[in-house]
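Please keep the sequence and the model in view while reading.

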Amino acid sequence: MTVGIVIVSHSAALAAGVVELAGQMAPDVVIIAAGGDGDGGLGTDFEAVSEAVERAQSGDGVVLLYDLGSAKMVADLAVEMLGDPESAAVVDAPLVEGAVAGAVAAQAGADLDGVLSAAASALADQ
Amino acid sequence: MTVGIVIVSHSAALAAGVVELAGQMAPDVVIIAAGGDGDGGLGTDFEAVSEAVERAQSGDGVVLLYDLGSAKMVADLAVEMLGDPESAAVVDAPLVEGAVAGAVAAQAGADLDGVLSAAASALADQ
Amino acid sequence: MGCDARAVAAAVRAAAAVVTAHRDELVRLDQAIGDGDHGENLKRGFGFVVQALDESTPDTPGAVLKLVATTLISKVGGAAGPLYGTAFLRAATAVGDATELTPELVAKALRAALEGVVARGKAEVGDKTMVDALAPAAEVGSLAAAATAAERGAESTIPLVARKGRASYLGERAIGHQDPGARSTALVLRAFAEAAS
Amino acid sequence: MGCDARAVAAAVRAAAAVVTAHRDELVRLDQAIGDGDHGENLKRGFGFVVQALDESTPDTPGAVLKLVATTLISKVGGAAGPLYGTAFLRAATAVGDATELTPELVAKALRAALEGVVARGKAEVGDKTMVDALAPAAEVGSLAAAATAAERGAESTIPLVARKGRASYLGERAIGHQDPGARSTALVLRAFAEAAS
Ligand SMILES: Nc1ncnc2c1ncn2[C@@H]1O[C@H](COP(=O)(O)OP(=O)(O)O)[C@@H](O)[C@H]1O
Ligand SMILES: Nc1ncnc2c1ncn2[C@@H]1O[C@H](COP(=O)(O)OP(=O)(O)O)[C@@H](O)[C@H]1O
Ligand SMILES: [Mg+2]
Ligand SMILES: [Mg+2]
Ligand SMILES: [Mg+2]
Ligand SMILES: [Mg+2]
């Protein structure tokens, strides 16, 4: 089992693309896209985020990344409302770069803290 | 006229999603996606990037953002091969956050340097 | 007048009517310094709230406020969803199981709502957000005074640069525009004050 | 033997055959510390190069090298495209309009290729990239010595942590694996050396 990852974005395409890119270097990591307002438009969808966290949870924790501040608030809220809020965490990281770095760390078996710090310290130029 | 923006990504969905997200706050800025290997797979496409730079060029300059290091090399090469390499620039910035910040700056009429520095100083948590 | 669950539900319906009537104004404010959806976000969200209240009105004021919170959280995709949602959620917790709201409980709920919004969005007074309307409102004694304070607070955002939310990308260009979330907060509080009077 | 455009084209075809024969090996190396496409990237790219040479072989060694460069740049989507492309482009510029390559021109082309790869990718020796193969190759006198130096350089990447490219995400987990780009560089240089001997 590995730490799971959820990509919270206002755009469904953006979330799906990040999953595709990060997944390429982390084939065994569950990375779930929670993008768009659920109606085909730009926006976030609290229920989709909550469901994504559930699907990404294998027992080892889930890391959430987001695109804009309002997506961060939705992600935070979804984590707070979990039965066990300690089982997931939102990370302040550049979305794409953090997702790739976090996914590679998760693939290597890093725990929740390890994936969080890999994502948070991702660089744009790598 | 405004500075144009090109999103160079290994994923077509990712590039399209960034264009969608950044475009929402910058309706008058030309933002072009250059994502994917041109064959439906993950990868970069030098010719697509070169074409995107041409399409984004209104005379005021073009800023290129990228997802991974190899996309940066392709972007750099596309700029070097322009008739006027000074008319475009690749910026080391977090892709999503930099694109949004750069697009908003371009929308407000910033010049090439202004858009570059807005993109480069974009924060994940905004 | 008494302030039981039905009265609170009526106040919420009044707020829904007001944000609906002011949809276009809020859209215009958000077009100037954001993505232009704030009016539609709130109209849509409160529309679902009214629908939920039509289906079944909870027994206590706290339960009504909680229903508002969960509906806004799940139906509003945008900063307003988690922010208004958290405000109503904290207000619901603050009033507990009380069957009638006293002025003290209302004041406590307002302070809790403010704390929730600050915890959620990390904005301070002066950052050009709904906190600029809610913070002065949470300091006064009555809903009527809170509404007036919120209106002043919303207007105080006009000369400011934004430090949170989408408008923070604009830098100086946000100056001269009222923050849409601060404006909607004042509208909602005024609707509550009038419903309670 | 003479080293005119036809001889250079033949050497390039030999390199294409070698990377094609080693496709799976390069894929496996890239699977261990990257995304597993390096062998396919080069096979595909050199396939297009051979096609282009079939259509028309340019007149000078420099023009052949330039054709290799532009083909790899436009057909290889991955780090190898801009890196190999820049290497061949700089080599083409270094040999200019010469109709025959002398050993001095070959050495100059190798140094130019190295400079191009370093300018493009900003990697230094020890960063576990193709620079670790190309840098020692650019220091020696003959193509045969360059190939041997590149093979040693490629092997020297095995114990290293990567500081550039996809493998840089792996940290210590890259240790124990040969860098695919360094390996392919050694293969190409060995093919050139054998074609020239
Ligand atoms: N971090 C924050 N803290 C407090 N209020 C915020 C924050 N971010 C945004 N807001 C408020 O949200 C309002 C915008 O809401 P809305 O348009 O519905 O969301 P979005 O910006 O996601 O489109 C702003 O006018 C501001 O009052
Ligand atoms: N910045 C760089 N400088 C030099 N060489 C690099 C750099 N980045 C990657 N490489 C080389 O490219 C090789 C990988 O090529 P390839 O698999 O074709 O591209 P990608 O990593 O885009 O899939 C690496 O093994 C390494 O030798
Ligand atoms: Mg908005
Ligand atoms: Mg919005
Ligand atoms: Mg590869
Ligand atoms: Mg690749």
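A salt bridge is here a side-chain nitrogen of Lys or Arg within 4 Å of a carboxyl oxygen of Asp or Glu. The model is predicted, so local features need pLDDT of at least 70 and side-chain atom pairs count only at pLDDT 80 or more, while totals for chains, interfaces and linings use all residues. Residues are numbered from 1 along each chain as its sequence is written, chains are lettered from A and ligands numbered from 1 in the order in which they are written, and side-chain values use heavy atoms, with hydrogens and water left out.

## Interface of chains B and C

Across the interface of chain B and chain C, zero salt bridges are found, but two residue pairs are in polar contact, both at pLDDT 80 or more. A polar contact is a pair of N or O atoms within 3.5 Å; within protein, one must be able to donate a hydrogen and the other to accept it, and residues adjacent in sequence count only if both atoms are side-chain atoms. On the side of chain B that touches chain C, the largest share, three residues, comes from helix α4 (residues 95–107) of chain B; helices here are DSSP runs of H or I with at least four residues, and strands are runs of E with at least two, numbered from the N terminus.

## Magnesium site in chain D

Asp35(D) and Asp37(D) coordinate the magnesium ion (ligand 6) through OD atoms at 2.1 Å, where donors are N, O and S atoms within 2.8 Å of the metal (3.2 Å for Na, K and Ca), and because water is not among the atoms, sites may look incomplete. Asp35(D) also bridges this ion and the magnesium ion (ligand 5), the two lying 3.6 Å apart. Asp35(D) is buried, at 18% relative accessible area; buried means under 20%, exposed over 50% and partly exposed in between (1.4 Å probe, protein chains only).

## Salt bridges within chains

The whole structure holds 21 salt bridges over all chains. In one of them, Lys72(B) and Asp92(B) meet at 2.8 Å, N to O. Lys72(B) lies in helix α3 and Asp92(B) in the loop between β4 and α4 of chain B, so the pair ties together parts that are 20 residues apart in sequence. Lys72(B) is buried at 13% relative accessibility, whereas Asp92(B) is partly exposed at 38%.

In chain C, Arg183(C) and Glu25(C) form a salt bridge at 2.5 Å, N to O. This pair links helix α9 (residues 180–196) with helix α2 (residues 23–33), and therefore ties together parts 158 residues apart in sequence.
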